[in-house]
Amino acid sequence: MKPWRRKGARLQAGFEQQEAAVLRGLISQVDDMLRARSEEAPQDELAELTGIRTGPSEAPSDPVLSRLLPDFHRLDPDAPAKEDLDSAAALRSLHEPEVLDAKVGVAAVVLETLSPDGGEVRLSFEQADAWLSALNDVRLALGTALDVTEDMPDELPPEDPRAPHLGVYHWLTWVQESLVQALTE
C-alpha cells in the first residue's frame, strides 16, 4: 500500500488488489454482523407510529459484537443490581439503533470508495473520518477475535493459528496511523 498523503482538501492512498480484497472482506464481515444485530431489534408498533426506533435491551452475547457495542454506562457497584441492569437495558434500547446506523454508514463509505480491484483512493475529510471509524471497528473486531492484549508480542510462533491474522491486524493499525498522520499534516 502507498501510505496516505494529503493533497489540498483530499487524502490519497494506493491499495494493491489483494489489500483491497482483504480490507473490503473484513469491512463486509463487520457490516454483516452489525446488520444482523440491527435486525434483532424488536418490532414495536408505537415506534413505527412515532418514528422512534428501539433496539435490543440486552448486550450481545458474541464477544466481538459486545466489543463493538459496549454498555452505554458503567455499572454502579453501589446501585441495586436490578436497578443498574434496568438502566443499562433502557440506554441500550434507546441508543443502539443510532450507533448501529453510524457503524453501518462508515462501512458503506469504505466499500464505496475502495474499488475491489484496488488502486488509488481519494477521500474528502468527511470520508476520511468515516474510514477511521470503520478501520477502528475492524481492528476492534479482529483484536477481540485474536485476543490481542498489550503484552502480546508483535509476532507469534508460526504454529500459532492466530499468527497470519495478527499480521493483518498490524497492517490495519498501520493503515489507520497513516491516515491519522495525513489528516494532521
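Predicted model: local features only at pLDDT ≥ 70, side-chain atom pairs only at ≥ 80, totals over all residues.

## A word on "buried"

A residue counts as buried when its relative accessible area is under 20%. By that cut-off W4 is buried, since its value is 5%. W131 is buried too, with a relative accessible area of 0%.

The protein chain has a mean pLDDT of 87, and 83% of its residues reach 70 or more. Confidence is lowest in helix α2 (residues 45-50), with a mean of 62, and highest in strand β3 (residues 119-123), at 98.

## Rings that meet

How many aromatic pairs does a search of the whole structure find? It turns up three. In one of them, the ring centres of W4 and W131 sit 5.2 Å apart with the planes at 80°, so this pair is edge-to-face. It ties together distant parts of the chain: W4 belongs to strand β1 (residues 2-7) and W131 to helix α5, 127 residues apart.

W131 also pairs with F15, this time in a tilted arrangement, at 5.7 Å centre to centre and 40° between the planes. Put together, ring pairs join W4, F15 and W131 into a cluster.

## Two helices crossing

Helix α1 (residues 17-39) and helix α5 (residues 125-146) have axes that come within 10 Å and cross at roughly 80°. The two are therefore roughly perpendicular to each other. On the α1 side, the contact is made by L23, L26, I27 and V30; on the α5 side, by W131, A134, L135, D137, V138 and A141. Nine of the contact residues are nonpolar, none is polar and one is charged.

How values were computed
Residues numbered from 1 in each chain as written. Heavy atoms only, no water. Axes fitted to C-alpha atoms, helices over the stretch in contact; angles between N-to-C directions. Helix = DSSP H or I, 4+ residues; strand = E, 2+ residues; numbered from the N terminus. Parallel < 35°, antiparallel > 145°, perpendicular 65-115°, else oblique. Contact = heavy atoms within 4.5 Å. Nonpolar A, V, L, I, M, F, W, Y, C, P; charged D, E, K, R; others polar. pLDDT = per-residue confidence, 0-100. Phe/Tyr/Trp six-rings, centres within 6.5 Å; stacked < 30°, edge-to-face > 60°. Buried < 20%, exposed > 50% of the residue type's maximum accessible area, 1.4 Å probe, protein only.
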